[in-house]
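The following questions and answers examine the structure shown below. Each answer ends on the value or name requested.

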Amino acid sequence: VDGRDYFAVQDIANTMIEQVKDSGKPALLEIKLDRFYGHYEGDAQTYRGEGEQERIRETADCLKIFTEKVVSAALLETAQLEEIDADVRELMDDCVVQAKAAPPPTESDLMTDIYVSY
């Protein structure tokens, strides 16, 4: 399924979930999409063609595609999406502040639920 299309992914995932529930058999969902970044930090991405990364960012951004679809279908307005984005940014900023203010984990915290004992 085209991973840039939220609604296509949702439709096929819902169908597959029902099939798995009904059959009791596993399923595999292959989602195809483009990466904005390399395989690792510092990846020179010499395997990309000239202008490829810019083209992907301009034409294959799943958030842009989602926004265009929901706005053109009058499901949400651009202002509503911007408000959601602002709320999420604020929530993430708050989480970072809380994480930085939290005490470091204890050794027992770090060693809990580890399956290998040394």
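Buried here denotes under 20% relative accessible area, exposed over 50%, and partly exposed in between (1.4 Å probe, protein chains only). The model is predicted: local features need pLDDT of at least 70, side-chain atom pairs count only at pLDDT 80 or more, and totals for chains, interfaces and linings use all residues. Residues are numbered from 1 along each chain as its sequence is written, and side-chain values use heavy atoms, with hydrogens and water left out.

Q: Is Asp-113 buried or exposed, and what is its relative accessibility?
A: Asp-113 lies in the segment after helix H5 (107-111), where helices are DSSP runs (H or I, at least four residues) numbered from the N terminus. Its relative accessibility is above the 50% cut-off. Asp-113 therefore counts as exposed, at 66%.

Q: Which residue in the loop between helix H3 (62-72) and H4 is listed here for its backbone, and what is its phi?
A: Most residues other than glycine have a negative phi. Ala-74, in the loop between H3 and H4, is exposed with a relative accessible area of 67%. Although it is not a glycine, Ala-74 has a positive phi of about 60°.

Q: How far from Asp-43 is the nearest side chain of opposite charge?
A: Asp-43 is found in the loop between H1 and H2. Lys and Arg count as positive and Asp and Glu as negative, while His and the chain ends are not counted. A salt bridge requires a side-chain nitrogen of Lys or Arg within 4 Å of a carboxyl oxygen of Asp or Glu. Asp-43 is buried yet has no salt bridge, and the nearest side chain of opposite charge, Arg-35, is away by 5.3 Å.

Q: Which backbone nitrogen lies 2.9 Å from a polar atom of the side chain of Asp-43?
A: A polar contact is a pair of N or O atoms within 3.5 Å; within protein, one must be able to donate a hydrogen and the other to accept it, and residues adjacent in sequence count only if both atoms are side-chain atoms. The side chain of Asp-43 reaches the backbone nitrogen of His-39 at 2.8 Å. At 2.9 Å from that side chain lies the backbone nitrogen of Gln-45.

Q: With which side chain does the side chain of Gln-45 make a polar contact?
A: Gln-45 lies in the loop between helix H1 (6-23) and helix H2 (52-59). Gln-45 is buried, with a relative accessible area of 13%. At 2.4 Å, its side chain makes a polar contact with that of Arg-48.

Q: How many residues apart in sequence are the parts tied together by Arg-4 and Asp-34?
A: The side chains of Arg-4 and Asp-34 meet in a salt bridge at 3.3 Å, N to O. Arg-4 lies in the segment before H1 and Asp-34 in the loop between H1 and H2, so the pair ties together parts whose separation is 30 residues.

Q: What is the closest N to O distance between Glu-18 and Lys-21?
A: Both residues lie in helix H1, 3 residues apart, about one turn of the helix. Glu-18 is partly exposed at 42% relative accessibility, whereas Lys-21 is exposed at 61%. Their salt bridge has its closest N and O atoms apart by 3.9 Å.

Q: Which residue forms a salt bridge with Lys-64?
A: Lys-64 is partly exposed, with a relative accessible area of 35%. At 3.9 Å, N to O, its side chain meets that of Glu-58.

Definitions and conventions:
Helix = DSSP H or I, 4+ residues; strand = E, 2+ residues; numbered from the N terminus.
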